[in-house]
Each structure stands twice: as C-alpha cells, then as structure tokens.
Amino acid sequence: LDSNRVSAIVEPHGVVQFAPSSRYIDVVESNGVVVLTLWRQYGSDGVIEVSYATRNRSTGKSQYNARENSDFTPADTSVQFSSGQTTLSISIPILDNDIPEDNEAFDIHLLD
C-alpha cells in the first residue's frame, strides 16, 4: 500500500439514471408512447434489476397534471440490464383522448 495514493471504491454494478435527453420530454398524445433511455454509468458488471413507476403529478395547477388511465397507462414494474449493458429503453403508453387540453405532465421515478 502506497501512502501517497488515494484509493476509491467504485460501484462495479454502476449507477442508473435517466439519460439527459429523457429527463424532460414533450410528446403529442397521438404519438401513443413515450420512450425514455436509462443510462448505467460508472460500472456495468453483472445483471441488475431497476424498478420504476409512473406517478400523477400533484404540483402546480391541476389542469396541467396528467392522470393515469386517462392520459397515460400507469407503470410499476422493473427492467433488467445484462452484464456489460449500459443503456436501456423503457416505454410508457400515452392515451389519446378527444378532450381538448393544455400541456400536461406526469412523473416517472426510478425506485432502486
């Protein structure tokens, strides 16, 4: 051990987060789906499972809050990164309805 060196412990399985291009997305209801990219950074050893869930937004003016089963199909599930895999896409179905609306938002949370 060399006392002049600093060692750091690296997370070999990596850290998962939304890719910058997937942090704030605008999508037209008629598109039918929003596709988001997850990044696995700082390590990719082994198979890992990441859980995610959609949530109704409850901040701001209510007319701008998308609602599950009316504006989007709710998700509460997980995806699996293979060993060495660093990107993965998830899809959230967007429900097209005939109701005239302003732009609405909902949240997707990574749980693990």
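Two strands are said to pair if DSSP finds at least two bridges between them. Strands (E, at least two residues) and helices (H or I, at least four) are DSSP runs, numbered from the N terminus. The model shown is predicted: local features need pLDDT of at least 70, side-chain atom pairs count only at pLDDT 80 or more, and totals for chains, interfaces and linings use all residues. Residues are numbered from 1 along each chain as its sequence is written, and side-chain values use heavy atoms, with hydrogens and water left out.

**Figure 1. Strand 2 and strand 5 run antiparallel and are joined by seven bridges.** Within this pairing, Val-35 has Ser-91 of strand 5 as its bridge partner.

Figure 2. Buried denotes under 20% relative accessible area, exposed over 50%, and partly exposed in between (1.4 Å probe, protein chains only). Strand 1 runs antiparallel to strand 2 (residues 33-41), and four bridges join them. Opposite Val-16 stands Arg-40 of strand 2.

**Figure 3. Asn-65 lies in the loop between strand 3 (48-56) and strand 4 (76-81).** Asn-65 is buried, its relative accessible area being 5%. The side chain of Asn-65 reaches the backbone oxygen of Arg-57 at 3.3 Å.

**Figure 4. The whole protein contains six strands and zero helices.** Along the sequence, the pattern reads β-β-β-β-β-β. Of the 112 residues in the protein, 27% are buried. Among the contacts (heavy atoms within 4.5 Å) with a separation of 6 or more, 73% come from residues 24 or more positions apart. The protein exposes about 7,600 Å², and carbon and sulfur atoms supply 47% of this area. Accessible areas come from the Shrake-Rupley method with a 1.4 Å probe; for residues, only the protein chains shown count as cover.

Definitions and conventions
A polar contact is a pair of N or O atoms within 3.5 Å; within protein, one must be able to donate a hydrogen and the other to accept it, and residues adjacent in sequence count only if both atoms are side-chain atoms.
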